Amino acid sequence: MIKSRKATSQQDSIHFLKMNKIEILAPCGSIESVMAAVKSGADAVYLGAKEFSARAGAENFDENELLNAVKYCHIRGVLVYLTVNTVVFDSELERIKAVILSAAKAGVDALIVQNIGVAMLAKKLVPNLALHASTQMSVHSPSGAKLLWELGFKRVVLARELSREEIKEIAESCPIELEVFVHGALCMSVSGQCYFSAIIGSRSGNRGRCAQTCRLPFSIEKSKYALSLKDNSIIEYISDLESLGVTSAKIEGRLKRPEYVAAATKACVISRDNGFLDTETKKQLEGVFSRTGFTDGYYTSKRGYEMFGYRRKDDVISATSKLLSEIRNGYKDEIKRVNLTAKFSAKIGEKAQLFLSDGIFEVLCHSEKECEKAINKPLDEEKCTRQLLKTGGTPYNIKEFKFTLDGEAILPMSELNMLRRNALEALSEKRANSKTYEINDIKLRKITPHKAGKKLRYARFTSTKIGEGFKGLDLCYIPIESSVTEVKSLIEKGYKIGVEIPRALFSREKKIKQKLVEFEKIGIKDVLCNNLAAVYIAKEMGLKIHGGFGLNFTNTLDLEWAEGFGFTDTELSFELKTSQIEMLGASLARGIISFGYLPVMLTRNCPNKSADISCKNCQGRGKMTDRLGKSFIFYCDGYATEVLNNLPVEELNYAQSSKNLDFEVFRFSVENYVENVENIPDFLSHSLNFPEKTHGLYKRGVI
């Protein structure tokens, strides 16, 4: 069984003022955006370092810039989350370690992480630094959230594709904090499961280098943009999200300008605090950036034609210089967001004292000169109050002021002003440097390349119609929806059968568990798991965990974690080059997809819907054509759609000759001939002689 973990207080993050409301979390690709977000009312910001950010195209922050951004935010009671949300290769582990350590030294409040091996490294380096699971981890069901909670994550950023009821189900299943995207761009694919940009041009979305392939023309009948969705906007549902137990309302947009950040942040704050958006705010929000309006289709379970849209000329010109100037004027001044208690005392022959407290931090400052006895007019309480309450261009607001005055004491106004400035600066210094961590600067172990054992062969099928020739395989994965009777027949005929849990578990965990119970009764123990939820379910049921490519394992730390967790073996990410594969360490058995049409997208809204094709007419499949005339097939199982590459990958020779790989996987999806395969040599010969095929990314890799 997986060990449980007790819930911890939400106050173990630095909330300088207790947060009773849902957090408004703003995206920041530059220091200008940080200031725009904070001055517009954000409770927290997220930003990236120069490396390992899923928005590599943003300006991002070097070590010194990060330190300054954290200080700026913490002074104002705003939390800072640093994104290290990309997959990482073994050659980069020393660099990712340096980023984690610099983040801890800067005092960030949490790391947003995609790579589970990196997350485990961060826990060793900085045990008390909070971990947030990136949306790139593809978590969209209760079991995925449970696994992360029990691994020590504080928060999970949920997939954008979830409905209200699905978010509610996750919130009720687990104490982990939930973060939900409320505004910004919608990828067509589930985050972390898109390989289109990588396959086409080696620009990996999992590495922050997405070329936005989905915004290019892909045609289906009357639709010319079959993969382009309107921007998501559920800002008007923020109060509803809060009622469900969601901790944070997140805005997408680290690549966008500061004015966009300000407008979106302001709209979220208004919606949260007032319960609605006024017409002017809506107009400003749509004007600064949209794709022919917005959609709430996922949240409201109204997926379909209305969700599709692309950036048109009218959308571009709506962001006029007048509008941008108007937005900038709205955040030019500081918000008085930090309330203080002040105590002032002045006695003849002593230095005046000013005490300030924000409820957590306190400072006591003294004047340079001693108070003297007034010859004419002593210190006046009203005049003194007026001077000391002048907090100017600072974020402070003195709400409560107490005086102790010697009736005949006097002090120059210049001394009073200096006393106020010194006290505010001292308080700011404490707030700016408030977050400190205990750091274990451990050395990374030298990686010794894995030595493969006996070569095994697995295959993944889309039905139970399997040719006689595949009886000799070490494992045949069939869909979980398969008939138990048909599967039992395969076992009786001599096939070694495992079950594949689909990558998309939306709303069907209970059904999947029921099917696994049925399969276990006929002796099936092997389960192919392409997401964390599937891993959790298999572990909980005592089944054999076979990791799939969807887990995006790219480094030795990933494999060490999987081995420690109890995996039997795992597929590696197909974004790895052969040279990278050969250097991987750990002892867990690993393999690659050596043949098949690689999935390039996992989508919840079917591309056919862009052409307004109903589910009744599509029969669970479709085809789209890109601007070069290439065709891409996709399949729907009623819950999600898998888009396949136009050519099959073939690395059969490498899989057998590799010194690092323990097995290879034949991934069948569109190959009807598999029903008639009589022996493995015939299949291999057929596959090697395909007229058109690709080496995928095994030769060229990704950036």
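In H17, the residues Leu532, Ala533, Ala534, Val535, Tyr536, Ile537 and Ala538 are buried, buried meaning under 20% relative accessible area (1.4 Å probe, protein chains only). Helices (H or I, at least four residues) and strands (E, at least two) are DSSP runs, numbered from the N terminus. The model is predicted, so local features need pLDDT of at least 70 and side-chain atom pairs count only at pLDDT 80 or more, while totals for chains, interfaces and linings use all residues. Residues are numbered from 1 along each chain as its sequence is written, and side-chain values use heavy atoms, with hydrogens and water left out.

Because seven of the nine residues of H17 (residues 532–540) are buried, this helix is largely enclosed by the rest of the structure. At its start, a side-chain oxygen of Asn531 comes to within 3.3 Å of the backbone nitrogen of Ala533. Gly542, with a positive phi near 75 degrees, follows H17.

Elsewhere, an open sheet of mixed pairing is formed by four strands in the order E14-E13-E12-E16; two strands pair if DSSP finds at least two bridges between them. Strands E14 (362–370) and E16 (396–405) are the edges, each pairing on one side only. From one strand to the next the twist averages 20 degrees. E12 (residues 338–346) and E16 are parallel, paired over nine bridges; Phe401 in E16 is the bridge partner of Ala342.

Two helices pack on the sheet, as tabulated. Contact means heavy atoms within 4.5 Å; axes are lines fitted to C-alpha atoms, for helices over the stretch in contact, and angles run from 0 to 180 degrees between N-to-C directions.

| H13 (residues 381–388) | E12, E13 (351–357), E16 | about 150 degrees with E16 |

Technical notes
Buried means under 20% relative accessible area, exposed over 50%, partly exposed in between (1.4 Å probe, protein chains only). A polar contact is a pair of N or O atoms within 3.5 Å; within protein, one must be able to donate a hydrogen and the other to accept it, and residues adjacent in sequence count only if both atoms are side-chain atoms.
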